[in-house]
Amino acid sequence: CRLLKPTTPPYHAMFWISSTLCMYMGISWMLIGHNGEHSIDWVEAGISTFAARAPRKAWITAAILMFASSLVFLGLVLSFTGPLRGRLSSHVSCMLLGSAAVGLYLVAMYEEIDNPQSHADVRQQAFHDAGVMIFISCSLLTLLCIGTSCLIYPPSHHSPMTGGVAGLLMIADVPFVKGLMERNWTGRILKLEGHCMGLRQRSSFAALGV
């Protein structure tokens, strides 16, 4: 029975450390990119605007690529290590996280253009918007996939309640993220005027990351 019992692979810690390190590096580089002398209002302007216009836009582009790397390592964690390995949901989630990383790569490689005029500008903005949609859609589908799997069949037989609650929280996070992104809940709580597009984007991404 001990031979058949799954054990934690030796590369489990390496994947976890790599994913966490890339995420924290991305957060710190994102903060560096938002600093500097500029007149861009982060409450109204999105991350893509900073990546295209800010004086330290290279830091933001690098941060986006770090987030993409973090998603790739997280997909490897789900698919090859941990209590969910071997499940179809974990392999599907690994592919979805890889697709989300590709979306972030498109966002980083194709800068935002406010008023595209030429065919090349339209093409560049189309790739940028496609990257954003791919990232958001695949990330939310990952939450639904893993959350449903944990809710129906908790990964731990010793504490099934914990796995079920975690799955329920992941499923509930999907409408919460959509609400933060589309309903401007953060702006209303802080009593800010305007659309607060940048604040909505950052708060929804923060909820998605957590």
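# Exercises on a predicted model

H128 is buried because its relative accessible area is 3%, and the structure in which this value was computed is a predicted model.

## Exercise 1. Surroundings of H128

Place H128 in its secondary structure element and list its contacts beyond four places in sequence.

Solution. 
- Step 1: H128 belongs to helix α5.
- Step 2: The cut-off for buried is under 20% relative accessible area, and H128 has 3%, so H128 is buried.
- Step 3: With neighbours within four places in sequence set aside, H128 contacts S48, V107, Y110, E111 and E112.
- Step 4: For Y110 there is also a distance: a polar side-chain atom of H128 is 2.7 Å from the backbone oxygen of Y110.

## Exercise 2. The salt bridges

How many salt bridges are there, and which residues form them?

Solution. 
- Step 1: The cut-off is a side-chain nitrogen of Lys or Arg within 4 Å of a carboxyl oxygen of Asp or Glu. The count by this rule is 2 salt bridges.
- Step 2: One of them joins the side chains of K57 and E111, with an N to O distance of 3.9 Å. This pair connects distant parts of the chain: K57 is in helix α3, E111 is in the loop between α4 and α5, and they are 54 residues apart.
- Step 3: K57 has a relative accessible area of 33% and is therefore partly exposed. E111, at 29%, counts as partly exposed.
- Step 4: E182 and K178 form a salt bridge in which the closest N and O atoms are 2.9 Å apart. Both residues are in helix α6, 4 residues apart, or about one turn of the helix.
- Step 5: E182 is partly exposed because its relative accessible area is 47%. K178 is partly exposed at 32% relative accessibility.

## Exercise 3. S79

Is S79 buried or exposed, and what does S79 touch?

Solution. 
- Step 1: S79 is a residue of helix α3.
- Step 2: The relative accessible area of S79 is 6%, so S79 is buried.
- Step 3: Residues up to four places away are not counted; S79 then touches R85, G86, S90, H91 and C94.
- Step 4: The side chains of S79 and H91 are joined by a polar contact of 2.7 Å.
- Step 5: For S79 and F127, the separation is 48 residues in sequence and 29 Å in space, C-alpha to C-alpha.

## Exercise 4. A166 and D121

How far apart are A166 and D121 in sequence and in space?

Solution. 
- Step 1: A166 is located in helix α6, and its relative accessible area of 32% makes A166 partly exposed.
- Step 2: A166 and D121 are separated by 45 residues in sequence and by 43 Å, C-alpha to C-alpha.

Key. Residues numbered from 1 in each chain as written. Predicted model: local features only at pLDDT ≥ 70, side-chain atom pairs only at ≥ 80, totals over all residues. Heavy atoms only, no water. Helix = DSSP H or I, 4+ residues; strand = E, 2+ residues; numbered from the N terminus. Buried < 20%, exposed > 50% of the residue type's maximum accessible area, 1.4 Å probe, protein only. Polar contact = N/O pair within 3.5 Å; in protein donor to acceptor, adjacent residues only side chain to side chain. Contact = heavy atoms within 4.5 Å.
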